[in-house]
Amino acid sequence: MSRLGLAARLALCALFFALVVGPHLLSLRFGRGRLAAHIPVHFHRLFLRLFAVRVEQSGLPPGAGEPALVLSNHVSWLDIVVLGALRPLSFVAKSEIAGWPLIGTCARLQRTVFIERAKRAATASVNATVGQRLADGDLIVLFAEGTTGDGLRLLPFRSSLVGAARAALAAEEGGLERIRLQPLALAYTRRNGIPLTRLERPEIAWYGDMELAPHLGLFATRGPIDVQVIWGEPIAFEAGTDRKVATALAEASVRRALKEALAGRPLPPLATPGRAPYEEADVSAPGIAAV
């Protein structure tokens, strides 16, 4: 992509943002956020189209309007655009992002829940906030590793913020009998139609102490990207559910899906959203952690 082409694409994104930010803010304030929930979806889809990021879904996603706490691996800032283009949803993110130029503004417009990781007391507050949002019917994405990786390996999932699922059961308004805990794997598999090599991973994955500007240059100029979004089998989280066991089940599901996608194995078709095969699931006993 030439510099002129890159500038034109960024200008289109900026124009779209300028046109919709006013209605978005008005919807958040006066319209119960219904319009505001869908505006980010269109913005993310425009970005993906302009920068040739091709997304393929498989597995069993939540149904439209079904609340769920999504536990996903985390590879790059691009994860937010990929997932944000699928449906209305929000994220849980570290508080530092709120102060980042432009990115922080976009995160707030998407109703991101920010957490100060250095403060232990912040976890309880965030869990209560996310729990009420789930009880209100929101779809919330939690990058359960707590940081980004190279897209090849999965770090252990942290179970502390999964407590938000329990908070959704005890919410003051609209408390639920159960909440859908949804494993999700993101696998960046190809560039220019060719399987990604380990050396090409830094063109997409953003982790460690990588500088952002050179990384963005590589992302924008090296050609189309293919990403797999694999929705795992949902886990029913109820009053008696063991939080750590449920988190371990979700981690195992994401690890398995990531391995299969990177190996090029056939993935399950995208199932009808909302099917609930977890009606009889029991994750109350520690012995169920292994799958």
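Trainee: Buried means under 20% relative accessible area, exposed means over 50%, and partly exposed lies in between. With that in hand, does E251 count as buried or exposed?

Mentor: This is a predicted model, so everything I say is about computed positions. In it, E251 has a relative accessibility of 16%, which is under the 20% cut-off, and therefore E251 counts as buried.

Trainee: And what does E251 form a salt bridge with?

Mentor: The partner of E251 is R255, and the closest N and O atoms of this salt bridge are 2.6 Å apart. Both residues belong to helix α8, residues 243–262, and because they are four residues apart there, about one helical turn separates them. R255, at 36% relative accessibility, counts as partly exposed, whereas E251 is buried.

Trainee: Which residues do salt bridges with shared partners join into one network?

Mentor: That network is made of R111, R133 and D138. Within it, the side chains of D138 and R133 meet at 2.5 Å, N to O, and both D138 and R133 are buried.

Trainee: How many salt bridges are there by the count?

Mentor: The count comes to nine salt bridges. Another of them is between the side chains of R222 and E203, at 2.7 Å, N to O. R222 lies in the loop between α7 and β8 while E203 lies in the loop between β7 and α7, so this pair ties together parts that are 19 residues apart in sequence.

Trainee: What else does E203 touch?

Mentor: Leaving aside residues up to four places away in sequence, E203 touches R191, H215, L218, F219 and R222. With R191 there is also a polar contact between the side chains, and its length is 3.0 Å.

Trainee: Changing topic to serine: where does S159 lie?

Mentor: S159 lies in the loop between β5 and α6, the latter being residues 163–169. With a relative accessibility of 15%, S159 counts as buried. The side chains of S159 and R243 are joined by a polar contact of 2.8 Å; beyond four places away in sequence, S159 touches K244 and T247 as well as R243.

Trainee: How many residues of β3 are buried?

Mentor: Four of the five residues in β3, which spans residues 90–94, are buried, so the strand is mostly covered.

Trainee: What about V227, which strand is it found in?

Mentor: V227 is found in strand β8, residues 225–231, and V227 counts as buried at 2% relative accessibility. Not counting residues up to four places away in sequence, V227 touches V53, R54, V55, E56, V82, L186, A187 and Y188. L71, for its part, is 156 residues from V227 in sequence and 17 Å away in space, C-alpha to C-alpha.

Trainee: Now the surface: which residues form a nonpolar patch there?

Mentor: L12, L15 and L19 form that patch, and together they have about 310 Å² of accessible area. L19 is found in helix α1, residues 3–30, and at 60% relative accessibility L19 counts as exposed.

Trainee: One last topic, backbone angles: what is the phi of A52?

Mentor: The phi of A52 is near 55°, which is a positive value in a residue other than glycine. A52 is found in the loop between α2 (34–50) and β1 (53–59), where it counts as partly exposed at 29% relative accessibility.

Trainee: And where is N192 placed?

Mentor: N192 is in the loop between β6, residues 179–191, and β7. Its phi is near 55° too, a positive value in a residue other than glycine, and N192 counts as partly exposed, at 44% relative accessibility.

Terms used
Residues numbered from 1 in each chain as written. Predicted model: local features only at pLDDT ≥ 70, side-chain atom pairs only at ≥ 80, totals over all residues. Heavy atoms only, no water. Polar contact = N/O pair within 3.5 Å; in protein donor to acceptor, adjacent residues only side chain to side chain. Contact = heavy atoms within 4.5 Å. Helix = DSSP H or I, 4+ residues; strand = E, 2+ residues; numbered from the N terminus. Buried < 20%, exposed > 50% of the residue type's maximum accessible area, 1.4 Å probe, protein only. Patch = residues over 30% accessible without salt bridge, like charges linked within 9 Å, V, L, I, M, F, W, Y side chains within 5 Å. Areas by Shrake-Rupley, 256 points an atom, 1.4 Å probe, with all protein chains shown as cover. Salt bridge = Lys/Arg side-chain N within 4 Å of Asp/Glu carboxyl O.
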